[in-house]
Amino acid sequence: MTAGRVAVASLARYAPRYKLEIGEPAGNEWLRADRILEADGPELTELLKRDHDAAGHTSAHANALSLMSFYAGRAPATALLLWALEGRVLDIRPQNLWVRPHDGHGIAAVAIRSARFLPGGLQTLYDVVLTQHLLPLSAELHRRTRAGLRQLHGGVAAGCAMAFCAATRETETVPPAYLLERWQTFVANAPAELARLGDVEPAAGKLVYLRNTCCLYYTSTAAPGTLCGSCCLTPRPTRLAAYNTGRPILTV
């Protein structure tokens, strides 16, 4: 097993979102990321439909915002955590990345062509995760649905933050303070002013994300009136208190 495969495989112990299949996948259910980014492409249409059907969104805006958060929290997660722990950038450029949609919300599995690393550090990470991938996806969702770019970028920020936060919930081997520092390094100069769209904070011995934007999930028919635990519509002290007591879902 190559060093890259070993590094990738080792991250799966932190949480399911970091599990990554290696090798070009077979089967029509897999979607290549660069095709998801195509204008009016059927792959993104399929992802939007699945999310709409699962949540019962009442608007195209909410559909787009929900998809963005779920997608950003899954597709680049392994690469972000690997950079946080080792400083290396996994080659997850869109042409090398596949996703398999979940039956309901989000992404069930992620695959890459090979576990190879790209030269460079943080700027390279920005390029493969944000500039080439999540920000163009935001732009296409904005064009299709007219969802606000700031709100869409809020989903990008929240999804990327979960790559740092989720690891602290499953294992005690990585100190939350270390991952908090790595998140702050990542977000400080990230494109699209991601640093202004929310904050990672410690709560109950783990890291949580507090959003400054809303994904409109409370408008869905699947959970009417339910706010996400990180939602900016809830006062910040109340959100932190809810996380600290283990009850992060609040209602309007």
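Helix α6 gives way to R146, a residue with a positive phi near 65°; helices here are DSSP runs (H or I, at least four residues), as are strands (E, at least two), both numbered from the N terminus. The model is predicted, so to speak of local features requires pLDDT of at least 70 and side-chain atom pairs count only at pLDDT 80 or more, while totals for chains, interfaces and linings use all residues. Numbering runs from 1 along each chain as its sequence is written, and side-chain values rest on heavy atoms, with hydrogens and water left out.

Helix α6 itself spans residues 122–145. A kink of about 35° is centred on L130, the bend at a residue being the angle between axes fitted to the seven residues ending there and the seven starting there. Helix α6 also packs against helix α3 (residues 42–55), at an angle of about 75° and with the axes 12 Å apart. The axes are lines fitted to C-alpha atoms, for helices over the stretch in contact, and angles run from 0 to 180 degrees between N-to-C directions. The two helices, α3 and α6, are therefore roughly perpendicular (65 to 115 degrees; under 35 is roughly parallel, over 145 roughly antiparallel, and the rest oblique). On the α3 side the contact (heavy atoms within 4.5 Å) involves L44, T45 and L48, and on the α6 side L137, E140, L141 and R144. By class, these residues comprise four nonpolar, one polar and two charged; Ala, Val, Leu, Ile, Met, Phe, Trp, Tyr, Cys and Pro count as nonpolar, Asp, Glu, Lys and Arg as charged, and the others, Gly among them, as polar.

Turning to the strands, β5 (residues 107–112) is largely enclosed by the rest of the structure, because five of its six residues are buried (under 20% relative accessible area, with exposed over 50% and partly exposed in between; 1.4 Å probe, protein chains only). Strand β5 runs parallel to β1 (residues 21–22), joined by two bridges, and antiparallel to β4 (residues 97–101), joined by five; strands pair if DSSP finds at least two bridges between them. Within β5, I112 is the bridge partner of I22 and also stands opposite L97. Five residues separate β4 and β5 in their hairpin, and G106 in the turn has a positive phi of about 75°.

Finally, G154 lies in helix α7 (residues 149–165). With 0% relative accessibility, G154 counts as buried. Leaving aside residues up to four places away in sequence, G154 touches L197, R211 and T213. The C-alpha atoms of G154 and L65 are 8.6 Å apart, although 89 residues separate the pair along the chain.
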